[in-house]
Amino acid sequence: MKIGVVGGGAVGLLLSSYLSKIHEVSLFVRSEEQKQELNTRGITCEGLHGTVRAYTDAAYFNDQNLLLITVKQHHLPDILNKLPPSQPVVFLQNGMSHLSFIKELPNPLLVGVVEHGAVRHSGAEVQHTGKGIIYLADYQNSNKAQMITRCLSQGQFIFEYRKDYLKMMAEKLVINTVVNPITALFNVKNKEILSNSHLNNLAERLCWEACSTLQLSFNEQWSRVQKIAETTGENHSSMLQDILEGRRTEVDAICGYIVNRSRKEACYHSFVLNAIHALELKNQKGEAT
């Protein structure tokens, strides 16, 4: 299958490195520098070496059988009007805010959640910091998720089908809205949510607000949060990586979604939302000096 991966960040590189073992992968990036690096060196992912064709021109979307969109939510508007209208598209963003504006697309649409850990070290090198599963579900105009899941899944890199996209994404959102802002604000690894009693208390309250808003069982989701924090204990969350690298975070798509959807004031989410934005502004001012 000809697969186009849109986005040259950690997730895009990770997907491309594994999928290129059995598929023809094109990786769409923003910079000419990264394009040249990928076309010259390929992708290095620890023991793997993947060969891809890298492009900066969205005109090559038309040559693909499937597009996997891995860019962050705030970059989606630059992508959506370039999608070929009949092409199956998989969206792999954190949060749920993007559902409201991709639903107008005529394409067969799938959504997914990525439970792998990855850190990009250069434009062509990614570290696989935690192995997990990628879950896919049909979203709109599509009954292709089961077929695509079977096609993409391989021994060391598993895709699984989920029937209920809303529950799938809501459960991932709970993880993200608890782990990401706490680790980013306090510059700690995921395991600190369990070992630091004060952070654990804050995490529990964020989890309760999110579950109340999303109508999920708190006990079930709190157990999942603790399990994820333990199994990914040595990892730095994606939001912490963004803060450390001076990049814009996805806090609006994650914590902001809970604030906007909650029927009552989500005090803890409102706090972490503003606190993360304060760190982003601090980083911007630091770069300007």
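**Figure 1. Salt bridges in the predicted model.** The structure holds 9 salt bridges, and the model in which they are found is a predicted one. Several of these contacts are presented in the close-up views that follow.

Figure 2. The side chains of E37 and R41 meet in a salt bridge, with an N to O distance of 2.7 Å. Both residues belong to helix α2, which covers residues 32-41. Because E37 and R41 are 4 residues apart in this helix, about one helical turn separates them. R41 is partly exposed, its relative accessible area being 38%.

**Figure 3. The salt bridge between R224 and E115.** The closest N and O atoms of R224 and E115 are 3.9 Å apart, and the two residues form a salt bridge. R224 lies in helix α9 (residues 218-231), whereas E115 lies in the loop between β8 (109-114) and β9, so the pair ties together parts that are 109 residues apart in sequence. R224 is partly exposed, with a relative accessible area of 24%. E115 also counts as partly exposed, at 29% relative accessibility.

Figure 4. K191 forms a salt bridge with E234, in which the closest N and O atoms are 2.7 Å apart. The loop between α6 (165-186) and α7 (192-195) contains K191, and the loop between α9 and α10 (238-244) contains E234, so this contact ties together parts that are 43 residues apart in sequence. K191 is partly exposed, with a relative accessible area of 34%.

Figure 5. V111 has A137 in β11 as its bridge partner.

**Figure 6. The hairpin of β9 and β10.** Strands β9 and β10 form a hairpin with 2 residues between them. Strand β9 (residues 117-122) and strand β10 (residues 125-130) run antiparallel and are joined by 5 bridges. R120 stands opposite V126 in β10.

Technical notes. Residues are numbered from 1 along each chain as its sequence is written. This is a predicted model: local features need pLDDT of at least 70, side-chain atom pairs count only at pLDDT 80 or more; totals for chains, interfaces and linings use all residues. Side-chain values use heavy atoms; hydrogens and water are left out. Two strands pair if DSSP finds at least two bridges between them. A salt bridge is a side-chain nitrogen of Lys or Arg within 4 Å of a carboxyl oxygen of Asp or Glu. Buried means under 20% relative accessible area, exposed over 50%, partly exposed in between (1.4 Å probe, protein chains only).
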